[in-house]
Structure formats: structure tokens, C-alpha cells
Amino acid sequence: MRMVQTFLWVVVGLLAVQLVLLAVLIVGKQKALKRQRKIAWVKGQVMPIYRQFIEAPEQKWMEPQLPSNKSIRQAAIEEMLIDFQETYKDQKERNRITDLAERHLAPRYQSILKNGGWAERINALYFIEDFRIASLKEEVFSHFKSLAKQDDEYWQCLRAAAILQEPKVVDVLFEESNLSVGFAKELLMRMDEELHQRIMARMFMKDDAPENLLYAFIMLNGERKSERFFPFVEKLMTDERKEVRIKAMKSLTHYGRLSDPQKLSAFFISLFWEERMYAAKLAGACKLTDFKEQLIQLFTDPVWWVRFAAADNLQEFEDGNALLHEIASTSEDAYARDVARHMLTKKGGGNR
Amino acid sequence: MNAIEIISLGIIVYMLAAGGIYLVLFLVAGPKINREKKLNRTEQIEEIMINKDTYPISVLVPAYNEEAGVASTVRSLLSLNYPQYEIIVVNDGSTDKTSEKLMDVFQMKRIELAARSYFKTGKLTAAYQSELHPHLYLIEKENGGKADALNAGVNFSQYPYFAAIDGDSILEKDALLKTMKPIIDSSGRVTATGGTVRIANGCKIVKGEVTEIKLPKRPLEVMQIVEYFRAFLIGRLGFSRANILLIISGAFGVFEKSRVIKVGGYNTNTVGEDMELIVRIHRSIKEEKSNQRIEYIQDPVCWTEAPSTIASLRAQRIRWQRGLAETIWIHRKMLFNPKYKGIGMFSMPYYLFIELLSAVFEVIGYGIIISGLLFSFVDTDIALVMLLVMILYGSLLSALAVLLEEWTYHKYPDVKSIFILYVYALTEIFWYRILANFWRVQGLIYSLRKKHAWGDMERKGVFSDDTPT
């Protein structure tokens, strides 16, 4: 009987604890819902006035009366500015959003960076980045320096510092050898040309750039078709490191041009299939019709990806479709016929 | 003390231990949930959306007689936020108008097939590409089951990652971004991911998108919501933290194609192909001593239609149980094998003794309670204790899951829903769990008499075009 009683007490006890928790959660939820309604109301009231400031700042304008409750006020402004970010893409309008964020939100984010919890700090860093709050540049970087663990906060800190054009991020790029290509590229994307110039100069001066940074730099410039760095990228096509050559070729497919196309011919017979594939892609991207024959030869390449790249890029030429028809019906090589036929019937979608 | 009483005590200890394990698992995951619950999820994935390096994905939709919902599933997939992806519907020899429906709505045009074959599958008969959406494909093949259809999809897919999604599920707009995030953040070290699956019954769905979250009316459906909370919130996160997660829901998971190819694709000889694949991936990771891992994200990303009738729920549960039994049987060598570390020493035994066999123990428990309380074959005290422990293990644990859900995600917009879910959770042990346990025992018996088929779920068409339910 004692055992029954003990268990009964456990069940009743736990149920009671849960009911208390349920009550706490329900009260909490009601409060949260009330707060949300209040924020939405404030936002609804002030948004049209701020909208006017963003759209026509030359008109007479008066800052609206904001609620005295700091937390509601800041939350409403934050939500409003997020909405504005969605709507306004013009740089002047964006600058005004930044002005408002500097005025109303910067002090809050500064104190969160100092005293907030982990998730709050990351959220603050997201918004410092989104609203480009330049006054917090120093704080962001010194906060970064204080982080020991490479987690979301670490990465977000770097992103925010990069977008605020903090030059010390360049040192981080060179010193942190474990940054992935993708992340290095994310940082580079946020930096302006001045910082890029600084990076290139340092790459030239001493050969200490981590490979991932170099790859990211090559790729990003291609994607942006950045004229200023074209000679740098093109030169790397003949680098002694295979991976660098491949990245440079990939980048050049985005540029869609080569200053000396003859440099490409050696790649069609490269021992590395990746180079043969990129030779085909470059020939297509730069519309180098002189390499038609080489492309057709690649239809019988032992590697599937190369055959496909050849067929796909032959289509870039004016008579590409006619050539594909010819190959599909007359080639002696079954692979070549197959790939040509497939390319003729399939629109878009890329390699399959 | 007689034999029945010893068994009774054994079951009581077992249930207390199982409940304890659930709680420990939650405690393992708790700090992470707590830490991340305030994170701004939209901001978190913004980067992936704009980054050109985000890995492209092939979304595979195996379909067998899905004419009611396939068009809206595809429509919802077409509106996903993701920089580059393709959708491949694999019609696994449907006998209804699944293909016709797609061809009609999306203007599919026949294309030549030049698919590479990583795995042998049922014969592909045709391939189509949409004229309206060039990244939408339909392939038709001879019937071979869901695993075979997925394998055919992998053969046909062109991207380095693929997502497998059930024809009866819909994804949140940011689902691919959120599930790919761990893969991108880890530069590919994460080889498979899955996210929390939610039940869509009761929600308002417009054009393949959940626009309002509401509870369903039928008790059977409400109960499944509680059950999902319990499974996902308490169970999977803890497993994922320790890299010993064995289930990525069949409803939605993302996989690295090269890894899946390396392990040989989906196993066509089991009804639990989703779990079996994960176990095989873990096995190969451990055998290679690779540092790759499988991760589970806590964000809800996928909505699925839960069975709404007793018959279809029963069929589903029997199928799940069979799948679990078959997977454990296929990989029985991993059980208690230190070579497989946490998987062999903890996950596999956990799935065997708690997920698979708990139903058997609980059903025996019912017998003991009835024989004790009604016929006095067993000491009444023991029967009462058993009943109380079952209430602890069944109802209170589920009720806790409801509280945790509100504490972490508060997806349900009103106070009333939380209250209803909580009350339902408390009733679980008195009806729903009894039904489920009997079906699970049946499933166990059926797994000994193997028979292969797609799940015969009766479709209400929760996701039919523009139908709010």
C-alpha cells in the first residue's frame, strides 16, 4: 500500500507542477500576445509618419510621439525598419533607414552586445548588419575579439564588421586559416573595392593568403565581372597550382572573355578532366568558335562531365544546334550520340 | 512473489527507466533549445538565400496514386525560397491519373532520358520537363515501391544534394534554406539533415501554403499532434546533439547524394526505407572513421497530413513498426557493438527496447492491470502502481512535451489551443496509447510475415488545391 501511495504522490505532485507550469506559460503567452498587439499598434501609428520621412525628407517633418516604454518603442521601431528594408531599395532611402536605426536602436544594440544573452547578441548583430549601424563598428570588432568559440556569433560578428568596412577584418581573413571558401566569400562580398584592393596588394606582396581566401577572391571577382581585378584572375589561369587554375577558369567563365584565347588550347588536352571540362565551358562562355573542333572531340571524352560540358557549350555557338543534330545522327560514338540527343531535347536545367 | 508479480515489477522498472531516458534526452537538448529559442530565424537564413554558393538541391517527390494532392504539393514546392533547385516527381507506376494531372497543370513535355544509373531500379518509361517551370521534371517508372522510386529520382537528379519529400507533405517556404543551413555552415561535414515535422490537419492551407495554424477537430488528429511533439521535441534533438540520431523523417530530409550513392541508395526490401538509410549512412561514417555527421534542426519545416481515420492510422502504425523492426534486424550486428560507438551502444538498443518493444511491455501491463484490478489475479497494489507508472510514462510525459512546445516555439497562436493540447495529452494513456500499442504489437507480428507495399493511407486531400480545411 505504501508503494501505491508513494507513486500516487509522485503522479499528483508532477501533475501539480505541470499545472503550475501550464498556468505560468498561459499567463506568459497572454502577456506576450498583449505585448505583440501593443507593438503592432504603435507601429501602425508611427509608420506613416516615418514613411514620409523616408520618402520625402525635404518636407516639413516632426518626429512622432513615441511610447515611453522603452522596450515597446524599440521593438516597434525595429519591426518598422525591417519592413522598410523590404520596401525601400534606393540608396538614399536606405541611408535614412540607417539614420533612424542609429538614432533609436544603436544604444540598445550596444548594450545588448555588452550584457545581452547569446541569441539576443546574435540578433543585434544581424540588425547592426542590416541597418549598417556604422557607429558600432568598433564595438562589433572588439566584441569579436572577445569571442573564444567559433559559433554563429563569431561568424555573424565578422559579417557585421565586414559590412561596416572594418579594415581589421582583412587581417582576420589572412590570419584565420580555417575559414571556408564560402565564408571568406561572404566577407569579401560585404567589403568595398578599397578593401579588396588592399587584399590584392597583400596577395601580391607576400604569398601568405590562405588558399580558401584566394579561391574566394578569384570566384567573387568573376561573379561580379570586376574589371579592376580581371588581369589578376586571368594571370592565375596559368598558376602552377591545379586548383588555382581551375578556380581562375571558373571565374573567367563569368567574365565571358579572355585577352589571349590561345592560352586555352592546351587545356583541351589536359591530363586533368576538370581542366578539360572548364576549357569547354570557357570556350562556350567566351563564344570562342575557333575551338569548335576541340569541343566536338570532347564529346567522346571518357569522363561524363566533360562530354556534357562540351555538348552544353557547343549549343552556345550559332550553329551549335545544327552540329548537335549532326553528331546525334552520325557520330560513331554511342556516348556522343546520347549526349547530343539529350541536349537537343532538354531546355534549361543544366547538366544531368 | 510469484512470476507474474516479478514480470510486473520488471515492467514498472522498465517504464520508469524509459521515462527517465526521455527526460535525460531532453536535458541533453535543453540548453541548445533554450539558447536558440530567441534567435531570429529569418535573419539567420538570409545569407544562404543570397549567397551564390548555396549548394543546389534536387527535390524528389515519389508519388503513387497521388492524383488528389500531387499538383498542390508541386505548386507549393515551386514557391520555395531557394536559389537553385529542381523538382523531380517520380511516378511509381500509379494506376490513377497522377501523371495526367501534372501534365495538364504544368504543361509537361517529353524529354530524352540520359540519366546515369547509380542504382538499379524499376524500368524508367518516360521523362518530362515542364514548359512553364524548366526546373520541374516528371519521370515515370514501373511500380517498385517508394524506395525504388526514390532511387530512380536520385539517378535522375543532377545536384549534389537531394531532399526527399512525401507526396502528402508540404514544406514551409524557407524549409530548404533552414535544412541546408547546417550543411552549408559545416562546409559539407553534415551529410544529412532533417527538420521537425508538424501535422497540418486543422490548419488553413491556401495554394499549398499553411496560412493559419489551428487545431483539428477530431480527437484522433489532435492526439497525433501531441505525439509528434513528444517524439520530435523530447527524442530527436537529444539524439542529434550526440550524433546518434537514427531517424530523419521520411516526410522530409536532405541528403548528400554522394554519401547515399556510396552506401547503395534506399533499400527496396523494407518498408522503413527512411530509417534504414540513416542507419546505413551512420554505419558507413563509422566504418570509414569519417568526421561527417547527421543533424536535426529544431525548426518546424514540414507539414504533413496525419491519418484521420482509425483504419488509416492503424495501417500507418503497423507500417512504421514493421519498418523499425526490419531496420533493427538488418543492422542487428551494430547492436551493442562498441565499434559503432553511440549508435551501437545507445541508439540501436534504445530503438529496440524502447521504440520497438515498449508496446509489448505496455500491452502486458494492460493485462496485469485488468487482471489485478478486476479479477485479483495479481496483487492489487502492484496493478495500481502499474497504472500510476503508465500515467507517468504515457500521459504526463506527453503533457510535458506540450509545455515544452509552448515554451520553445509557441507556434499555436492562442491560449486555448495550448490548453486543449494539454488536456488531450493527459488523456493519452486511457485511449490513444492503448490503440497505438495494440497496432504496434500487430506490426511487430506482421514484420515476421514480411509483405511489401506502399502505405495505403486514405487521402482526404488536406492539400487539395485551395481547400481550407
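These legends describe close-up views of a predicted model.

**View 1. Helix 4 of chain A and its buried face.** Helix 4 of chain A spans residues 106–115. Its buried residues are A:A106, A:Y109, A:I112 and A:L113. Seen down the helix axis, these residues fall within an arc of 125°, so they line one face of helix 4. On the other side of the helix, A:K114 and A:N115 are exposed. The buried residues pack against helix 2, helix 3, helix 5 and helix 6 of chain A.

View 2. The side chains of A:R108 and A:E78 meet here, at 3.2 Å from N to O. A:R108 belongs to helix 4 and A:E78 to helix 2, 30 residues apart, so the pair links distant parts of the chain. A:R108 is partly exposed, with a relative accessible area of 25%. A:E78 is buried, at 14%.

**View 3. A salt bridge between two loops of chain A.** The side chains of A:K287 and A:E316 form a salt bridge of 3.2 Å, N to O. A:K287 lies in the loop between helix 14 and helix 15, and A:E316 in the loop between helix 16 and helix 17, so the pair ties together parts 29 residues apart in sequence. A:K287 is partly exposed at 47% relative accessibility. A:E316 is partly exposed at 38%.

**View 4. A salt bridge in chain B.** The side chains of B:E288 and B:K262 meet at 3.4 Å, N to O. B:E288 sits in helix 9 and B:K262 in helix 8, so the pair ties together parts 26 residues apart in sequence. B:E288 is partly exposed at 38% relative accessibility, whereas B:K262 is exposed at 54%.

Methods. Residues are numbered from 1 along each chain as its sequence is written. Chains are lettered from A and ligands numbered from 1 in the order in which they are written. This is a predicted model: local features need pLDDT of at least 70, side-chain atom pairs count only at pLDDT 80 or more; totals for chains, interfaces and linings use all residues. Side-chain values use heavy atoms; hydrogens and water are left out. Buried means under 20% relative accessible area, exposed over 50%, partly exposed in between (1.4 Å probe, protein chains only). Helices (H or I, at least four residues) and strands (E, at least two) are DSSP runs, numbered from the N terminus. The arc is that of the directions from the helix axis to the C-beta atoms. Contact means heavy atoms within 4.5 Å. A salt bridge is a side-chain nitrogen of Lys or Arg within 4 Å of a carboxyl oxygen of Asp or Glu.
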